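These are my notebook entries on a protein chain that I looked through one topic at a time.

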Amino acid sequence: MIVSIIGLGYIGLPTAAVLASKGVRVVGVDVDQYTVDTVNQGKVHIVEPGLDGLVFKAVYSNYLKAVAKPEKADVFMVAVPTPFTDNNKPDLSFVKAAAKAISKVLEKGNLVILESTSPVGTTEKMLEWMREERSDLSFPEFGCDRVKADIAVTYCPERVLPGQVVRELVENDRIIGGVTLRCAEQAVELYKIFVEADCLITDCRTAELSKLVENSFRDVNIAFANELSIICDKLDINVWDLIKLANRHPRVNVLQPGPGVGGHCIAVDPWFIIDSAPDEAQLIRTARLVNDSKPTFVLNKVSQIVESTGKEISKLRIACLGLAFKPNIDDLRGSPALSIAQKISNMGFRSTFLVEPNIDCIPTGFGSENTELIKLEMAIKSADIIILLVDHAPFKLMDLSLLSGKQVIDTRGIWSYL
Ligand code: SAJ
């Protein structure tokens, strides 16, 4: 059996490597030649623990190769990005391009699986895009298994946590949403090769919504925590203590507030539900707005602290600890910490010190000449104001006596007992 994986990104490449490690021949397809070349050298172009070793073994044992255009295969798995446009609408252009590209090499008996996070109805759209290209092949009709189609089509969302992808690919339950039951059963056969947990069969529309619901559930719950942090600030109550106490109730589990919600999943996926049901998705929309407004609240705190010093901002130095979208990773995509630090660097401070243990050079978007990426201790010693934006491990372990006499804003509550 040959499995072709379209899109060798954060999901496609680990899936390709895990499948190859189980003795399946995998052909990875990516439009980016650098990615293709890197993988063919047995290397990785993304940071994910454990992935480099798996890819190296898979390539040098000849179970994995990368190419720029789809070739014939038995199974096609599509793991391409589904971003949103400036006005929060889903952009399916990568899925469409993948469907058109696969169509050129599709053969009777093939199974096509969409893994990309997608609005409800995308799997059926992908099927239509393939049908337009290949009128010589028969495709399944939603929910109808009376006649066996030439091509099986299924939606199987990825649900792995960045940083834990290799383990979660194997250990997490998998939702398998067929256009028909027969399509789903075919996909289960494939996933059973590497998934040790349950493969749960449903239809493709329910599977699409389930993925969006999982991330929206988390977004809504983080919004609740973020709103609590703003209420507590007004009432002069320590929100971290409050949450610890409330969570001692057996049926309460409030998440953690922070400077906002980042990344490329939780801050994006709820918009796909809102776009499909704009009048109905009121709570989901409000949660997005609450989370997206948190960076402004944090920036207002910075202005208040500056004012409380009674000094000119041009005389003050500030240290921003953390730029990534969550702890202990190097991923800056959609990071609220990054956007807050960028705005701070343009506020007119004498110096803005950036501390991000997981990167080596200042990312783009920092206007001020007075901005430097420096080591933690140096930043803390030199700054008047310290703003903690990401709860990276080194910030939790540092010598807290260094903070004495400094103005501190802790958006993650790791020093809340100070
Ligand atoms: N965050 C908080 N407070 C919390 C938890 C998270 O502010 O209590 C923030 C983080 O700092 C970060 C953002 O939320 O900015 C998202 O981080 P995350 O760890 O919650 O999730 P992601 O985006 O890394 O991965 C999510 C996961 N979804 C769920 O947990 C429901 C993962 O399983 C999905 O596969 C992934 O989205 C995806 O690809 O969709």
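Predicted model: local features only at pLDDT ≥ 70, side-chain atom pairs only at ≥ 80, totals over all residues.

**Entry 1: the whole chain.** I looked up the secondary structure and found 14 helices and 13 strands in the protein. The radius of gyration is 24 Å, close to the 22 Å that the globule rule gives for 418 residues, so the protein is as compact as a globular protein of that length. Taken along the principal axes, the C-alpha atoms fill a box of roughly 75 × 50 × 40 Å. I then looked up burial, and 51% of the 418 residues count as buried. For contacts between residues at least 6 apart in sequence, I wrote down that 68% join residues at least 24 apart. The accessible surface comes to about 19,600 Å², and 53% of this belongs to carbon and sulfur atoms. I listed 45 positive and 53 negative side chains, with the centres of the two sets 1 Å apart.

**Entry 2: strand E5.** Which way do the side chains of strand E5 point? I found that Leu111 and Ile113 point one way, that Val112 and Leu114 point the other way, and that all of them are buried. Strand E5 (residues 111-114) pairs with strand E4 (residues 75-78) in the parallel sense over four bridges, and I noted Ile113 of E5 as the bridge partner of Met77.

Entry 3: I looked at helix H12 (residues 336-345) and found it mostly covered, with eight of its 10 residues buried. Among them are Pro336, Ala337, Leu338 and Ile340. What do the buried residues of H12 pack against? I recorded helix H11 (282-309) together with the strands E9 (317-321), E10 (351-355), E11 (371-373) and E12 (385-388).

Gly322 lies in the loop between E9 and H12. Is Gly322 buried or exposed? Its relative accessibility is 0%, and because buried means under 20%, Gly322 counts as buried. Leaving aside residues up to four places away in sequence, I found that Gly322 touches Ala337, Val355, Glu356, Leu389, Val390, His392 and Phe395. Ala337 is also one of the buried residues of H12. As a distance check, I looked up Gly322 and Ser103, which are 219 residues apart in sequence and 44 Å apart in space, C-alpha to C-alpha.

**Entry 4: two residues with positive phi.** Asn62 has a phi near 65° and lies in the loop between helix H3 (51-60) and strand E3 (64-67), where it is exposed, with a relative accessible area of 59%. Asp236 has a phi near 55° and lies in the loop between helix H8 (204-235) and helix H9 (239-246). At 71% relative accessibility, Asp236 counts as exposed.

**Entry 5: Cys144.** Where is Cys144 found? I placed Cys144 in the loop between helix H5 (122-133) and strand E6 (152-155). At 22% relative accessibility, Cys144 counts as partly exposed. Cys144 and Cys183 are 39 residues apart in sequence and 10 Å apart in space, C-alpha to C-alpha.

Note on methods:
Residues numbered from 1 in each chain as written. Heavy atoms only, no water. Rg over C-alpha atoms; globule rule 2.2 N^0.38 Å. Buried < 20%, exposed > 50% of the residue type's maximum accessible area, 1.4 Å probe, protein only. Contact = heavy atoms within 4.5 Å. Areas by Shrake-Rupley, 256 points an atom, 1.4 Å probe, with all protein chains shown as cover. Lys, Arg positive; Asp, Glu negative; His and termini not counted. Charge placed at Lys NZ, Arg CZ, Asp CG, Glu CD. Pairing = 2+ DSSP bridges.
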